[in-house]
Amino acid sequence: METRTLPVDASKIGKITAVPVPDDVLDELDIELDFSSQHAQHLRDAAEKLRSSNVPVAFPTETVYGLGADATRSAAVKGIYKAKQRPSDNPLIVHFASLRQLRSLLKSRDSTQANGTSTNGVEEDPIPEIYRPLISRFWPGPLTILLPNPTDSPLAPEVTAGLKTFGARMPRHTLALALIQTAGVPVAAPSANASTKPSPTAAEHVAYDLDGRIGTILDGGPCDVGVESTVVDGLSNPPLILRPGGISIEQIRSCPGWDNTQIGYKNTSESGSQPKAPGMKYRHYSPKATVVLYEPGQDAPSLADLRSQATGRSKFGLIRTKTWKVELGRTPLISREPSSPSKHRTNGVHIDKTPGFAGMLQSVRASDRAKSAITCHTVEVEGSELHILDINLGSDTADIARGIFSALRDLDRQDVDAIFVEGIDDDEGDTAAALMNRLRKAAEVRVGS
Ligand code: TXA
Ligand code: MG
């Protein structure tokens, strides 16, 4: 199968406006595609494939690229598992472009009964009350909520992998929303990587993993958040975070009814008791090279540490974040600047609310920087050369989250023996816990855990 990457610039697909919905917590998008533009044509082609073919389509979201299929057709959903080689017991998140679309799916239950109307004749919202504050603050955005899958659900059974619930998310990316709305179907989409590989944050990552296995990649530039959505379960008491992600636990806990939210995930890749989000039990986010993760507070790796992971090429990747420095010509080569804990810490809630539809439409396109800047240092130790491919993601937690998967992939492509990563404190800001969760799953060796 030939894989086509279609560039689409969200600002060139036509006229998109946010329309307020009376008495509802979210606006709706009004989308008028301008088919004189090639960007709109590409979007329409992809939407058409979603609706009618069984080969999934890759598209950008604000978190990571997704691999989408019509969530109501089994054959299409099976195409996702096949392309990714994903285990079939790992359920998929269903993406919606409006609350109307989500409610219409939820209301399909028990159509024979006068369900959905309370005794006083007012229509009940099929979305459980507990989720209202979360939806109004964080949708569209990196948050997935678990909902009961209605009896006689239109969702293909492969979406839920046999569970009684399904994950629903409204992404905060104009192209994702326009694609779902144009296709007119709810879109099941996992991350668009080959199973076990780091999630893709640029179209070229998708092409690298899935070339020849899918037909279409919509290229909307690099992703803004860089780690996947937070998965929450508000149907259990107390509510649970099943996967840390783009919305932090502090942000969730600050919503009415969510102050006692507990962590329902584990941070390692070790198997053990059954995790509540089935996907969290699998090996994940792993490049070919051994990942050596330094928990925060550990000394930076010495040259001897690097060499202990040599498997022949003596070529190592280094991903630096808040404190590691590289000094050439001196020993130690890599050092740690004493960290001042308050310096970068954002303490608690950083974003009160995602910008909503209006904010999303105004925001500029994410930078086109898909590749990490790699500096190569060569040092001679006892007559042999060590090559250190060095990526500095900087000290801003959001920048680190945005760049981490790309950095792992870019170093892996250079065939390094091992990748040494400087971890950060779980509470260093919004996406820190999500980032460390992914790194701990990717790491084969953890220093200081
Ligand atoms: O940001 C994201 O969420 C991205 C983009 C593409 O939207 N999607 C994504 O999907 O990360 P995926 O399939 O890679 O991860 C879905 C996670 C898995 O850990 C899965 O087990 C969990 O959500 N999940 C899905 N449905 C569930 C359910 N009914 N109950 C518990 N966990 C569920
Ligand atoms: Mg994934």
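1. A residue counts as buried here when its relative accessible area is under 20%. With that cut-off in hand, look at strand β11 (residues 230-233), which is covered on both faces. Thr-230 and Val-232 are buried on one side, and Val-231 and Asp-233 are buried on the other. Please keep in mind as you read on that this is a predicted model.

2. Now for the sheet around that strand. It is an open sheet of 11 strands with mixed pairing, in the order β1-β10-β4-β5-β9-β6-β8-β7-β11-β12-β13. At its edges are β1 (4-7) and β13 (262-263), each of which pairs on one side only.

3. Which strands does β11 pair with, and in what sense? Strand β7 runs parallel to β11, and 3 bridges join the two; in this pair, Leu-143 is found opposite Thr-230 of β11. Strand β12 (residues 240-243) runs antiparallel to β11, again with 3 bridges, and there Val-231 faces Arg-243 of β12. β11 and β12 also make a hairpin, with 6 residues between them.

4. Gly-234 sits in the loop between β11 and β12. Is Gly-234 buried or exposed? It is buried, because its relative accessible area is 11%, which falls under the 20% cut-off. Leaving aside residues up to four places away in sequence, Gly-234 touches Ile-130, Tyr-131, Pro-239 and Trp-258. The C-alpha atom of Gly-234 is also 7.4 Å from that of Ile-145, although 89 residues along the chain separate them.

5. Elsewhere in the sheet, β6 (residues 93-95) and β8 (residues 165-169) are parallel partners over 3 bridges. Here His-95 stands across from Arg-169 of β8. Helix α3 (residues 99-106) lies across β7 (143-148) and β8, and runs at about 170 degrees to β8.

6. Next, the nonpolar packing. The largest nonpolar core has 83 residues, and Tyr-131, Trp-139 and Phe-166 touch the most other members. Helix α6 (residues 174-183) supplies the largest share of this core, 7 residues. There is also a second, separate core of 29 residues, with Ile-391, Val-421, Ala-434 and Leu-439 among them.

7. Finally, what does Trp-139 touch, not counting residues up to four places away in sequence? Its contacts are Leu-26, Leu-99, Leu-102, Leu-134, Ile-145, Ala-168, Arg-169, Met-170 and Thr-354. Two of these names have come up already: Ile-145 in the C-alpha separation from Gly-234, and Arg-169 as the residue opposite His-95.

Technical notes
Residues are numbered from 1 along each chain as its sequence is written. Chains are lettered from A and ligands numbered from 1 in the order in which they are written. This is a predicted model: local features need pLDDT of at least 70, side-chain atom pairs count only at pLDDT 80 or more; totals for chains, interfaces and linings use all residues. Side-chain values use heavy atoms; hydrogens and water are left out. Two strands pair if DSSP finds at least two bridges between them. Helices (H or I, at least four residues) and strands (E, at least two) are DSSP runs, numbered from the N terminus. Contact means heavy atoms within 4.5 Å. Axes are lines fitted to C-alpha atoms, for helices over the stretch in contact, and angles run from 0 to 180 degrees between N-to-C directions. Buried means under 20% relative accessible area, exposed over 50%, partly exposed in between (1.4 Å probe, protein chains only). A nonpolar core is a set of buried Ala, Val, Leu, Ile, Met, Phe, Trp, Tyr and Cys residues joined through side-chain atoms within 4.5 Å.
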